[in-house]
Amino acid sequence: AYGLLSSENGTHRLVRQSPFNTKGARQTSFAGVEIMPLLDDDVQVDLPEADLEITTMRSGGAGGQNVNKVETAVRIKHIPTGIAVKCTQERSQVQNKALAMQILKAKLLVIAQQQQAKEIAEIRGDMVKAEWGQQIRNYVFHPYKLVKDLRTAEETPDVQGVMDGNLDDFVNAYLRWMGSKKQEETAPAL
């Protein structure tokens, strides 16, 4: 699932007529999507305790009397990278700590894979562009209906279907696009 859904990593733009705007004006929203793998217990990521800053706090919000009395929320910061993960999902501090550690390990694993890919690209001599923060897909609800992937030019007028999770066409178009990019990179220069 991670391999397929990693195509959704990036900035998504939504254009709609807000039901909260009395003038009926068109409004644009952006969402940053970050895809992380769900690690099995078999995958070992070594995190020395000295590199971690673990703090606990009250979860807050709805949940009964326990929420504002017991510190069940956990925040773990990886000091060398500055990456922090906060977990308030579970009612137990132990469960929240385990979940936060799992998320932190997944994030660190993805960063390690990206660094390894950059090193390989540098060895091969590929030009690596810094292109984070660009929108990858537009979802237009108003004045017309269209979802368009800006990387692959894949588009559909079925906005609601895409919002309901019908991403197969976009994922497949992304895989074809990545395959053609890799072929261009490995093709011999004339």
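The side chains of His12 and Tyr139 are joined by a polar contact of 2.8 Å, where a polar contact is a pair of N or O atoms within 3.5 Å, one of which, within protein, must be able to donate a hydrogen and the other to accept it, residues adjacent in sequence counting only if both atoms are side-chain atoms. The model is a predicted one, in which local features need pLDDT of at least 70 and side-chain atom pairs count only at pLDDT 80 or more, while totals for chains, interfaces and linings use all residues. Residues are numbered from 1 along each chain as its sequence is written, and side-chain values use heavy atoms, with hydrogens and water left out.

His12 belongs to strand β1 (residues 10–17), and at 8% relative accessibility His12 counts as buried, a label given under 20% relative accessible area, with exposed meaning over 50% and partly exposed in between (1.4 Å probe, protein chains only). Beyond residues up to four places away in sequence, His12 touches Ser29, Phe30, Ala31, Val33, Ile136, Arg137 and Tyr139, a contact meaning heavy atoms within 4.5 Å.

Arg137 lies in strand β6 (residues 135–140) and is buried, with a relative accessible area of 0%. The side chain of Arg137 makes polar contacts with the side chains of Glu8, at 2.6 Å, and of Tyr139, at 3.1 Å. Leaving aside neighbours within four places in sequence, the contacts of Arg137 include Thr11, His12, Val147, Leu150, Leu167 and Phe170.

From these residues we turn to the whole chain. The protein has 4 helices and 8 strands, taken as DSSP runs numbered from the N terminus (helices H or I, at least four residues; strands E, at least two), and from the N terminus on the elements run α-β-β-β-β-β-α-β-β-β-α-α. Of its 190 residues, 26% count as buried, and residues 24 or more positions apart account for 42% of the contacts with a separation of 6 or more.

An open sheet of 3 strands has the order β3-β4-β5, with antiparallel pairing, two strands being paired if DSSP finds at least two bridges between them. Strands β3 (52–57) and β5 (83–87) stand at the edges, each with a single partner strand, so one side of each is left without a neighbour in the sheet. Strand β4 (residues 73–78) pairs with β5 in the antiparallel sense over 5 bridges, and the bridge partner of Lys77 in β5 is Ala84.

In one of them the side chains of Glu53 and Arg75 meet (4.0 Å, N to O); Glu53 lies in strand β3 and Arg75 in strand β4, so the pair ties together parts that are 22 residues apart in sequence. Both are partly exposed, Glu53 at 36% relative accessibility and Arg75 at 28%.

Lys148 forms a salt bridge with Glu155, the closest N and O atoms being 3.8 Å apart. The side chains of Arg176 and Glu154 also meet in a salt bridge (4.0 Å, N to O); Arg176 lies in helix α4 (residues 168–186) and Glu154 in the loop between β7 (146–149) and β8 (155–156), so this pair ties together parts that are 22 residues apart in sequence. Salt bridges that share partners join Glu8, Arg137, Asp149 and Arg151 into one network.
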